Amino acid sequence: MTLLKKSAAEFAAMLAAGDVTSVELTQACLDRIAAVDGAVHSFLYVDAEGALAQAAASDARRAAGTPASELDGVPIAVKDVLATQGLPTTCGSKILEGWIPPYDATVVARLKAAGLPILGKTNMDEFAMGSSTEHSAYGPTHNPWDLDRIPGGSGGGSAAAVAAFEAPLAIGTDTGGSIRQPGAVTGTVGLKPTYGGISRYGLVAMANSLDQVGPVTRTVLDSALLHEVIGGHDPLDSTSIDQPLPALVAAARDGASGDLSGLRVGVIAELRGEGYQAGVQQRFDEAVALLVGAGAEVVEVSCPSFAHALAAYYLIMPSEASSNLARFDAMRYGLRVVPDGDPSAEDVMRATRDAGFGDEVKRRIILGTYALSSGYYDAYYGQAQKVRTLISQDFAAAFDLADVLVSPTAPTTAFRIGEKLDDPLAMYLNDVATIPANLAGIPGISIPAGLAPEDGLPVGFQVLAPALADDRLYRVGAALEALLEKQWGAPLLSQAPELTPAVEPVETSGGAA
Amino acid sequence: MPEISRDEVRHLADLARIELDDAELDHLAPQLSVILESIASIAGVAAADIPPTSHALPLTNVYRDDVVVPCLTAEQALSGAPASEQQRFSVPRILGDEQ
Amino acid sequence: MTTTLMSYDDAIAAFDPAMGLEVHVELNTATKMFCGCPTEFGAEPNTQTCPTCLGLPGSLPVVNRKAVESAIRIGLALNCEIAAWCRFARKNYFYPDMPKNFQTSQYDEPIAFDGFLDVEVEGETFRVEIERAHMEEDTGKSLHVGGSTGRIQGADYSLVDYNRAGIPLIEIVTRPITGMGAKAPAVARAYVATLRDLLLGLGVSDVRMEQGSMRCDVNLSLAPSGSDKLGTRTETKNVNSLRSVERAARYEVSRQATLLSAGESILQETRHWHEDTGVTTSGREKSDADDYRYFPEPDLVPMAPPTEWVEELRAALPEPLRVQRARLQAVWGFTDLEMRDVVASDAVGLIEQTVTAGSSAQAARKWWVSELTRRANEDGIELAELPITPQQVARIQALVDEGSINDKLARQVFDGVLAGEGEPDGVVAARGLAVVSDDAALGEAVDRAIAANPDVAEKIRDGKVAAAGALIGAVMAQMRGQADAGRVRELILEKLAP
């Protein structure tokens, strides 16, 4: 177990030094999954055999002195919304139960090319629609900090897998906060890159113009290492940016020195106050003070159009989703429900989509169908796209005053499972601070800011940067992480309650810290 | 913003090819009304001269060359099919017209 | 509707047709619109697909540059403006042959718009205004199983092949054409034929209507003669030959006139053309339910064709059809009337290819415009659909030129080639059609003719050469027409030299 608490960067160093093998490491993760996933339910599918085979191949490369990448041999979990050739891909939906894609998402292909064994597919809200992972058709994921609470969503499985030490690294996707908000409530690091920074090819779309893939990790440096493996131009994605990534790992290493002299930090006035839990606000303010202590200059910025971000998001996202999800019609793949009698293709489509989609998916499809309808297009979808412009303008003005912007990642800590399940509006409010970045296409990161005093649950600190300046997130994130851990004396996750594994995984020599 | 009626939800579900029974309509219609009410604030927020943003980043002219790349095999293409016959996807009888 | 239809002439006397034409053209790019799958016609089912054109979850489109180039060239050739900036949009509707249940198309931002195409009908020029030409993708193809006809109605189930899904299409839409009067069906045909020749000249499509690489929808409405009010229109889908375009338009004029005259109204609807019975039948009713929920395709970025690119493509366009036809007419030495017949017979390209294969222009015209056009009309098919190639026509003419056959025998060679008996030389041999020019055989026949007609022979000996015709006729009768008439004449005059 002690072994598993190390970071991916540390694993990479140990693999390079021959202190551990990828097979040992991968087996340790698989053992941990076997021990705790019954309680946490991070995974929808575990590919033990495949992961161990990839690990063995990695060990062979390491032995031959030809590792495929720095992270060669470090195992990873992949959100079940990315196509994996030969592995089931369900998107947390009954409608795709049993579907095995005949192709790999670009991100998955890059993970394989870089030698990272894929442990399995992680749980998520159905088609990434949700902020709690309760909308998975295969049951909720539980927050390792408190199994009665949600791990955030939609990527609760990836965040919980990392927080529960089932995997050192995971892949998430973020349409309105689905990487950052789970990161916040599980005490982990989650980054959404600049739109177009990481390929969407093979990512089953919820809202194409907002979706991005990103790293889910325990440390900022790990995020940068993974980001450099999966990021960069992909000719299969027309919206992919055709230029090299900034030096992300270098920025993270640089930031870890803790010196932020000359950095201008903008605190977003609209993302605080009412609706923000006291302990969340307190930890946020303390973190800002730490940045000042590190030499940063803090200013307050105002983004008045953020007041309409949630409304714009809940028009654009369902509109795109309603169209994206039309393909799940029982004709070519996935579930087919055949009603009694002599049903037509239309009847089969209707019955299948009723049986195969959950309530939240139906709500959003109907909402999107409504927003795109001819009589309402200008009033809703058209307006929402204009609000998107206003939000980008607000960001542009704010970035004139500051190099990065900061806010709490989510207004509250993890709520109890079931608490907001049938109150969609309350659920949507979880994303109020994360959504503006998706609408504007800019990058954002959430890093642990401590535990809220009132409930002892993790709080996330969000940093936003202008488009293409993802490196700033790593510099600031790594600095804040270093300053906080100096205060805490250890990573925040060391304060998480021990999950009681049924079996203690095998320790390896040299693994003790 | 008008409240969304049960009939309207039924019509939208029909456009979206989702068979909703009465219980589901009872459950979903009021929720959709609440959501719509909350996003009604957006009407009139942006002036007429504000350009809409359809894409987060202003990229243009992304093309590929007209060069053939390997296809899936028919077996792969049909691997997920609920039913197939004669190397084709078998679908229930189609209502309406040839498109 | 069992009432007798009003005759076309009566219909046209009472009503003025207005017509709009929508033509879908499959581009002949090597790959599909949004993925690298090949576009070859006739491949085994579902062997030309990938995650993108199958609409698999997670797949993404990338635009084929060549398809955009072809679209721009088509727009330029149709005298259109080329959009400085435009996008693809999603047209949302459910149909099993459409893998994503939306078609990636263009909506209010077509790549080309505001153009025109001049077409000629019986010496009169009609300017057809082009509203737009936009890019989109084709759907898969369904095979309907069960039922009696192989049609969609009454089928038990259907089998879908997605090889065609995603093949680039250009949809060319005209503005309503009015003022055609009785010529409306002919204008429709001439427009489609002219458009086809233009596209062929651009080399952007195979434009084979019989293979579906060019498909036409005919929108037609009637207004009472002299009224400028547009009537309710019907949309007749997938009319897939030049002849059918003309017939379908003609039928709709009669059908709508019959209803209107009886005080009934026209239903705004989609109709289907039945090639076999020559009628249109009601399809689905157009209604507000056709809500396609268009919105800009978020997976593709906008297109902003640089001016230099557009001008480069403009400069490289082939000569316009009108110029090309004037040039060909001069080179071929046809009169205006002859050229008009050639165009009306849709034989310009066929004659051009026949001349290339070695025939004289006049001979090529003679065979295609009179002989073969008559045969095509008898069979109810297009001239180009006759099972004979320009090369074969040129070879038959060469056989005539070298004296192996004469015009009368040539017609029998056409019979043979059209009946599938093989190449012209083979048909000549198999049917024993070669002209006899062997002096020994001819000499014997001439001798027999002289012996049988002593008085005629005597006249020739006396210098009345014109009388030779009677002996030639007698020889030809003996030889069943297969004698070289020139040589026969020479032999007669030799034998009966004074």
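Reader: Let's start between chain A and chain C: how many salt bridges are there?

Author: The count there is 1 salt bridge, a term for a side-chain nitrogen of Lys or Arg within 4 Å of a carboxyl oxygen of Asp or Glu. Its side chains belong to A:R200 and C:D299, at 2.9 Å from N to O. Keep in mind that this is a predicted model, where local features need pLDDT of at least 70 and side-chain atom pairs count only at pLDDT 80 or more, while totals for chains, interfaces and linings use all residues. Residues are numbered from 1 along each chain as its sequence is written, chains are lettered from A and ligands numbered from 1 in the order in which they are written, and side-chain values use heavy atoms, with hydrogens and water left out.

Reader: And how many residue pairs are in polar contact between chain A and chain C?

Author: There are 17 such residue pairs, both residues at pLDDT 80 or more. A polar contact is a pair of N or O atoms within 3.5 Å; within protein, one must be able to donate a hydrogen and the other to accept it, and residues adjacent in sequence count only if both atoms are side-chain atoms.

Reader: Which element of chain A gives the most to the side that touches chain C?

Author: That's α10(A), with 4 residues. Elements giving two or more residues to this side are α10 (309-324), α11 (345-356) and α12 (359-372) of chain A. Helices (H or I, at least four residues) and strands (E, at least two) are DSSP runs, numbered from the N terminus. By residue class, this side of chain A has 19 nonpolar, 11 polar and 7 charged. Here Ala, Val, Leu, Ile, Met, Phe, Trp, Tyr, Cys and Pro count as nonpolar, Asp, Glu, Lys and Arg as charged, and the others, Gly among them, as polar.

Reader: What area do chain A and chain C bury between them?

Author: About 2600 Å², with 58% of it on carbon and sulfur atoms. Buried area is the accessible area (1.4 Å probe) that two parts lose on being put together, summed over both. In chain A, the residues losing the most area to chain C are A:S238, A:R327 and A:R332, together 23% of what that side buries.

Reader: Switching over, how many residues of chain B are in contact with chain A?

Author: 54 residues of chain B are in contact with 58 residues of chain A, contact meaning heavy atoms within 4.5 Å. The buried area for this pair of chains is about 5000 Å², and carbon and sulfur atoms give 66% of it.

Reader: Which salt bridges can you name there?

Author: A:R350 pairs with B:D14, with the closest N and O atoms 2.4 Å apart.

Reader: Now chain C by itself: which domains is it divided into?

Author: Domain 1 (8-312), domain 2 (319-431) and domain 3 (439-495), with bounds from an automatic or database domain assignment. The C-alpha centres of domains 1 and 2 of chain C lie 32 Å apart.

Reader: What area is buried between domain 1 and domain 2 of chain C?

Author: About 940 Å², of which carbon and sulfur atoms give 41%. The domain 1 side that touches domain 2 has 3 nonpolar, 4 polar and 7 charged residues. Salt bridges across this interface number 4, and C:R196 forms a salt bridge with C:D346, the closest N and O atoms being 2.5 Å apart.
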